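Subject: Structure handover

Hello,

Please find the structure below. My notes on what was found in it come after.

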Amino acid sequence: MKRIVSIWFPHFPLDRLKRQVRVEHPGQAARFVDETLPFALVVKDNQALHVGAANQAARQGGVAAGMALADAFALLPGLQTRPLHSARDAAVLKRLARWCVAYAPWTTVDGKDGLLLDITGTARVFGGEDVLLRRLTTRLRGAGFTTHIGVAPTPGAAWALARFGMSKDGADAAVFHGGNAALPAVLGPLPIEALRVTPQDARTLRRLGLLTIADVKALPRVSLARRFSSSAGAATVVTRLDQMFAQQAEPISPLAPAQIFQARTAFSEPVLDPQSFALHLTDLLQRLCQDLALADQGGRALTLVACRCDASRHQITIQTARASADAAHLAKLFEHKLPELDPGFGIDALVLMATRTEPLAPEQSDLKEPDLKNQVRGLHSNTHSNAVAQLMDRLSNRLGAEHVFQLKACASHWPEYAERGQAAGEVPAKSAVRASVNTFVDAMECPSLPPRPLRILTPPEVIDVEKCLPDCAPTHFRWRRVRHHVVRASGPERILPEWWRDGERQTAARDYYDVEDGAGRRFWIFRNHPVQREELADTDQARRDHVDADHRHRDQWRLHGVFA
């Protein structure tokens with residue numbers, strides 16, 4: 001007899017978000033884990049915002065999934081919300097399905113919040129079905145997922161037990177141990193929603209007075225079909241009914257196994273010569289890159305594993321800023337890593353694996369003929385973005401990824417917050433595709449700004465000003481115990497406060513000056529220009545006190561940057 005396991009995650013979007021926050025932002029985990037604070041995930045549907053999921057505190061306050069967000073705020077004005085990411089939820093659910101292959105070879109995703117496992121014949125490997133279910137439940141709940149599990153001979157019956165047949169005594173799973181003939185007695189009292197029909201079909205059945213599965217099963221098929229306005233609805237109900245009671249087959253289509261990209265070469269006898277490793281690595285890269293190109297994939301991380309004759313292993317790893325299937329470029333990255341490969345008493349085999357892959361992004365090549373020099377260097381095209389990505393790869397693998405970064409623009413007018421350092425490998429492939437195009441578009445759309453210094457001091461350093469007229473640049477200033485005489489100055493350039501921020505950025509404007517001293521050195525200095533206190537009559541006392549502090553330090557000058 002078949003044994004099907006249905007795993008239902010009733011709060012999967014919330015559990016997935018909590019798990020992500022615990023890993024990526026431990027400091028913010030308390031806000032999401034605390035069930036006493038009402039919290040909901042919001043989804044946009046038909047140009048309107050609806051509640052996609054709500055935690056226990058929000059549900060106790062009357063908020064439910066599917067409710068309009070405006071109605072939810074009317075019930076709970078203090079409700080905290082975040083957008084619901086369906087794509088991320090689907091990706092995590094698919095990874096969970098692949099993880100469940102350790103318990104059953106036939107696993108698949110069931111909707112947006114469930115999994116189906118065919119454990120027929122596999123329970124004995126774990127010492128019995130109860131041990132398998134207990135281990136599976138413990139691992140999932142230990143990972144932070146709320147689970148309801150149903151076990152039955154058919155997928156429909158297991159699905160119904162997981163969602164509507166869980167007992168109230170805290171049992172780990174609702175398990176049906178009888179045969180197919182005993183299914184009607186167990187599933188008959190369950191509501192008609194347990195048939196896996198659409199909400200519209202469920203409402204139609206309830207209007208007809210059919211409240212349970214037993215009520216539907218008792219009706220003749222012809223009489224049941226007459227009660228639906230469309231034949232499709234009646235056919236769906238009949239099909240689900242037959243599948244639940246094993247009168248119609250419902251096979252489980254398992255997930256296709258994840259494609260593994262690797263190339264392997266074995267030696268007839270142990271090899272100790274490091275020079276031969278480079279020759280074999282070139283062949284491995286050619287074979288691996290060919291497989292990657294056929295799958296339209298590129299490697300972001302490649303690992304070369306040396307299998308020694310004493311059963312030990314040694315490996316070296318390279319990483320790339322963008323997905324790459326260029327064997328010549330990858331060979332250059334391994335060139336500086338190969339001396340680190342320790343052959344020990346000899347190497348029996350070399351295995352090259354692509355441990356991280358991404359889809360290869362299409363590139364817009366130039367219309368002119370490709371440069372022969374670039375072809376020799378292994379460049380796919382002579383585009384600037386591709387050359388920069390390969391340069392970042394070489395620097396990252398030689399100096400370390402933590403020492404190579406690029407500046408990313410941020411949504412702020414204040415110079416110290418307008419950009420931040422980002423690791424070279426953090427740019428997604430689809431963003432890298434449009435990198436050069438976005439740079440051009442941003443340059444066209446952004447207003448022209450005065451020159452900015454190459455070196456920004458964070459935080460700005462205080463300078464002593466000797467002589468200064470109102471709303472003018474100083475004539476002399478002292479920075480780091482050195483006196484500078486200003487011979488040229490331009491400005492001021494006023495940067496207004498960002499009222500939506502906290503602290504100084506919320507209240508103080510800045511007047512920037514580009515000054516040059518007698519030695520030709522250029523500096524970027526500024527003076528705070530606070531807003532007037534009377535403009536903040538309707539704001540809180542803390543912000544007005546901060547403005548008073550800004551007025552006390554109005555004449556304090558700071559040096560923010562140095563030009564080359």
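A residue is called buried when its relative accessible area is under 20%, exposed when it is over 50%, and partly exposed in between (1.4 Å probe, protein chains only). This is a predicted model, so local features need pLDDT of at least 70 and side-chain atom pairs count only at pLDDT 80 or more, while totals for chains, interfaces and linings use all residues. Residues are numbered from 1 along each chain as its sequence is written, and side-chain values use heavy atoms, with hydrogens and water left out.

Salt bridges come next (a side-chain nitrogen of Lys or Arg within 4 Å of a carboxyl oxygen of Asp or Glu). The count is 18. In one of them, Arg 494 pairs with Asp 511, with the closest N and O atoms 2.8 Å apart. Arg 494 is in strand β17 and Asp 511 in strand β18 (residues 508-517), 17 residues apart; strands (E, at least two residues) and helices (H or I, at least four) are DSSP runs, numbered from the N terminus. Arg 494 is partly exposed, at 44% relative accessible area, whereas Asp 511 is buried, at 4%.

Arg 196 and Glu 250 also form a salt bridge, their closest N and O atoms being 2.9 Å apart. These two are 54 residues apart in the chain. Arg 196 is buried at 15%, and Glu 250 is partly exposed at 21%.

As for helices, nine of the 10 residues of α7 (residues 155-164) are buried, so this helix is largely enclosed by the rest of the structure. Trp 159 is among the buried ones.

Regards
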